[in-house]
Amino acid sequence: MQKIFITRKLPDEIVDPLKEKFDVKMWHSEEIPMSYEELKTEAKDAHALWTMLSDKVDRELIDSLPNLKVISNLAVGYNNIDVEAAKERGIVVTNTPGVLTETTADLTFALLLATARRVTEAESDLRSGKWKSWTPMGLTGMDVFGATLGIIGMGRIGEAVARRAKGFDMKVLYHNRTRKIEAEEEFGFSYVELDTLLKESDFVVLLTPLTAETKGLIGKRELGLMKETAAIINVARGGIIDEQALYEALTKNKIWAAGLDVFEVEPVPMDHPLLTLPNVTVLPHIGSASIHTRMAMMQMNAEAIEAVLEEKEPNNRVV
Ligand code: DGY
């Protein structure tokens with residue numbers, strides 16, 4: 001029987017059907033991740049590896065798994081996997097695009113609104129007894145309605161965010177490797193160069209994948225181009241913003257606020273300087289975290305693994 005190894009505890013209703021055809025082994029915990037060494041040992045006979053975005057699947061790990069045929073990642077992003085190393089060995093890599101688009105766009109908008117209107121700061125003030133009276137200028141934020149939104153990375157999620165922005169009467173600018181002429185015409189987005197987007201936007205939203213080209217895309221120079229009243233929202237991957245440069249831009253009032261669902265190191269260390277700033281709204285990487293969407297993502301992974309192990313073409317193949 002071919003072996004599947006799953007790096008985190010997943011719901012029985014998703015995993016049980018696979019047990020009828022394959023030998024399935026699963027890590028015991030949903031919350032505590034496996035270490036790299038544990039993964040190497042536990043998965044050593046696996047024909048299929050079902051990974052989380054927090055698992056580092058590098059060349060060394062791939063080369064240590066002689067039977068491996070497929071790696072299926074529970075995320076649309078796959079920067080945690082050395083796809084070149086997989087490709088060289090003829091190992092299929094799959095991800096979960098499409099099903100998480102609207103859910104991630106919802107969260108992007110929630111974080112944008114929360115950052116603009118200081119929602120988490122306001123809640124924490126109330127809970128800690130700081131609400132003494134209604135104040136004329138207390139906890140005042142920025143308007144979202146009618147503002148200019150700049151989206152960096154206009155893929156499926158970018159388009160879904162832009163559609164939501166129309167309901168807030170926002171002007172939508174975008175920057176992407178390729179122009180989206182049809183969407184521009186249909187929804188009225190405007191393509192601009194990166195620097196123009198940074199200079200003109202009230203809210204800059206990052207939605208690019210993390211690649212060699214986008215690593216550190218937003219650094220000191222780019223943050224310096226933004227309006228002092230603007231906020232940056234990152235729901236993509238931590239490495240796209242230089243966190244030290246972001247901290248400096250926020251403390252020197254070069255920009256007004258940041259909303260972060262992702263960090264360079266996750267979980268973000270509790271002594272991270274960004275966590276000391278009240279104008280930073282933070283979330284623990286929950287972009288796709290709705291019950292329906294996570295179940296759909298898992299189902300997609302299960303189907304892809306089954307397809308590869310049965311020598312069929314899987315959906316959502318990355319390589
Ligand atoms: C993804 O799928 O890449 C998201 O970051 C998960 O929330």
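The ligand is surrounded by Leu53, Ala75, Val76, Gly77, Leu100, His285, Gly287 and Ser288, where a residue is taken as near a molecule if its C-beta atom, placed from the backbone, lies within 6 Å of it. This shell divides into four nonpolar residues, four polar residues and no charged ones; Ala, Val, Leu, Ile, Met, Phe, Trp, Tyr, Cys and Pro count as nonpolar, Asp, Glu, Lys and Arg as charged, and the others, Gly among them, as polar. The model is a predicted one, in which local features need a pLDDT of at least 70 and side-chain atom pairs count only at pLDDT 80 or more, while totals for chains, interfaces and linings use all residues. Residues are numbered from 1 along each chain as its sequence is written.

The chain holds twelve helices and twelve strands, both read as DSSP runs numbered from the N terminus (helices being H or I with at least four residues, strands being E with at least two). For its 319 residues, a compact globule would have a radius of gyration near 20 Å, and the 21 Å of the chain agrees with this; the radius is taken over C-alpha atoms, and the globule rule is 2.2 Å times the number of residues to the power 0.38. Along the principal axes, the C-alpha atoms fill a box of roughly 70 × 50 × 35 Å. Buried residues amount to 40% of the 319 residues, a residue being buried if 20 or more other C-beta atoms lie within 10 Å of its own, exposed if 12 or fewer do, and partly exposed in between, with C-beta atoms placed from the backbone. Of the contacts in the chain with a separation of 6 or more, 62% are accounted for by residues 24 or more positions apart, a contact being defined by C-beta atoms, placed from the backbone, that lie within 7 Å.

An open sheet is formed by seven strands in the order S8-S7-S6-S9-S10-S11-S12, with parallel pairing, where two strands pair if DSSP finds at least two bridges between them. Its edge strands are S8 and strand S12 (280-282), each of which pairs on one side only. Within this sheet, S9 is joined to S6 by four bridges in the parallel sense, with Phe203 of S9 as the bridge partner of Leu149, and S9 also pairs in parallel with strand S10 (residues 231-234) over four bridges, where Ile232 is the partner of Val204. In a regular strand the side chains alternate between the two faces of the sheet. In S9, Phe203 and Val205 point one way, Val204 and Leu206 point the other way, and all are buried. Strand S11 (residues 257-260) pairs with S12 in the parallel sense over three bridges, and Leu260 stands opposite Val282 in S12. Helix H7 (residues 156-167) lies across strand S6 (148-152), strand S7 (171-175) and strand S9 (203-206), and runs at about 175° to S6; the axes are lines fitted to C-alpha atoms, for helices over the stretch in contact, and angles run from 0 to 180 degrees between N-to-C directions.

Several backbone features are found in loops. Most residues other than glycine have a negative phi, and most peptide bonds are trans. Arg118, in the loop between helix H5 (101-116) and helix H6 (119-127), has a positive phi near 55°; Arg118 is buried because 20 other C-beta atoms lie within 10 Å. Leu139, placed in the loop between H6 and S6, likewise has a positive phi, of about 55°, but is partly exposed, with 14 other C-beta atoms within 10 Å. The peptide bond from Glu266 to Pro267 is cis, with omega near -5°, and Pro267 lies in the loop between S11 and S12. Gly188, in the loop between helix H8 (181-187) and strand S8 (190-191), is exposed, as 11 other C-beta atoms lie within 10 Å. The C-alpha atom of Gly188 is separated by 7.5 Å from that of Val172, 16 residues apart along the chain.

Terms used:
Contact = placed C-beta atoms within 7 Å.
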